[in-house]
Amino acid sequence: MADVNSAIYDFPEMPIDVMGLFFFAYRDFVRDADALLETQGFGRAHHRVIYFVNLRPGMTVADLLDILRITKQSLARVLRQLIDNGYVAQKHGDTDRRQRLLFPTEKGRDFFEVLSATQARRIEAAFSALPEEVREAVKTFFIEMTEPSDRHLLKTLRLDDHLSS
């Protein structure tokens, strides 16, 4: 039987331990939401759309594509299901009718709250074990994990507001 920890010693230049911890944290972070999504016949792509449409109501489809880095075809299928099931509403832009603006419906806001509640509790429980300055370091860590070319998206979505410049 192979030593499950051998990779940590075989690749000392790699943060194998952090990579493993990241995997388990993410797996557990999405578990409850995945189960709720499945009851609606949805997956993680639907969750991402619901999340960002609720985070920034009125965003354009083009902005969402930029954030998610998926194809129009992939988004079209997911978005169609969310619209058809009453979670997202799509409207034409006021000044440019070619723009498609996305808004959460009441049903979409409610579902967002339910999906986010378990994840928020998990984050709050983990943060409660940390001193304030370490919480800020965790947030900075996630910002630093983001591609520099995408950090403007964090500003646009106000996900980095906690940091003092």
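**View 1. M59 meets its bridge partner in the sheet of this predicted model.** In strand 3, L102 is the bridge partner of M59. The model is a predicted one. Strand 1 and strand 3 are joined by two bridges and run antiparallel.

**View 2. Strand 2 lies along strand 3.** Five bridges pair strand 2 with strand 3, residues 100-104, in the antiparallel sense. V88 has P104 as its bridge partner in strand 3.

View 3. Strand 3 pairs with strand 2 over five bridges and is joined to strand 1 by two.

**View 4. Helix 4 has its buried residues on one side.** Helix 4 covers residues 61-68, and its buried residues are V61, L64, L65, I67 and L68. These residues cover an arc of only 165 degrees around the axis, so they sit on the same side of helix 4.

**View 5. The chain leaves helix 4 through R69 and T71.** R69 follows helix 4 and has a positive phi, near 55 degrees. T71 is placed in the loop between helix 4 and helix 5. Is T71 buried, partly exposed or exposed? Its relative accessible area is 47%, so T71 counts as partly exposed. Between the C-alpha atoms of T71 and Y87 the separation is 21 Å, and the two residues are 16 residues apart along the chain.

**View 6. R44 and D34 tie helix 3 to helix 2.** A salt bridge links R44 with D34, and their closest N and O atoms are 2.6 Å apart. R44 lies in helix 3, residues 44-55, and D34 in helix 2, so the pair ties together parts that are ten residues apart in sequence. R44 is partly exposed, at 35% relative accessible area.

View 7. The network links R27, D28 and R31. One of its contacts joins the side chains of D28 and R27, at 2.9 Å from N to O. Which side of the burial cut-off does D28 fall on? D28 has 17% relative accessibility and counts as buried, because buried means under 20%. R27 is partly exposed, with a relative accessible area of 39%.

**View 8. R80 and D84 pair along helix 5.** The two form a salt bridge in which the closest N and O atoms are 3.1 Å apart. R80 and D84 are four residues apart in helix 5, residues 72-84, so about one helical turn separates them. R80 is partly exposed at 42% relative accessibility. D84 is exposed, with a relative accessible area of 55%. A search of the whole structure finds eleven salt bridges.

View 9. Six residues are shown: V18, F22, Y26, F141, F142 and M145 make a nonpolar surface patch of about 560 Å². Helix 2, residues 16-39, and helix 7, residues 132-145, are the elements that give two or more residues to the nonpolar patch. F142 is found in helix 7. F142 is partly exposed, and its relative accessible area is 44%.

**View 10. The whole protein, for orientation.** The protein has eight helices and three strands. Along the sequence, the pattern reads α-α-α-β-α-α-β-β-α-α-α. Its C-alpha atoms fill a box of roughly 55 × 45 × 30 Å along the principal axes. Of the 165 residues in the protein, 27% are buried. Among contacts with a separation of 6 or more, 51% come from residues 24 or more positions apart. The accessible surface comes to about 11300 Å², and carbon and sulfur atoms hold 57% of that area.

Technical notes
Residues numbered from 1 in each chain as written. Predicted model: local features only at pLDDT ≥ 70, side-chain atom pairs only at ≥ 80, totals over all residues. Heavy atoms only, no water. Patch = residues over 30% accessible without salt bridge, like charges linked within 9 Å, V, L, I, M, F, W, Y side chains within 5 Å. Areas by Shrake-Rupley, 256 points an atom, 1.4 Å probe, with all protein chains shown as cover. Salt bridge = Lys/Arg side-chain N within 4 Å of Asp/Glu carboxyl O. Buried < 20%, exposed > 50% of the residue type's maximum accessible area, 1.4 Å probe, protein only. Pairing = 2+ DSSP bridges. Arc of directions from axis to C-beta. Contact = heavy atoms within 4.5 Å.
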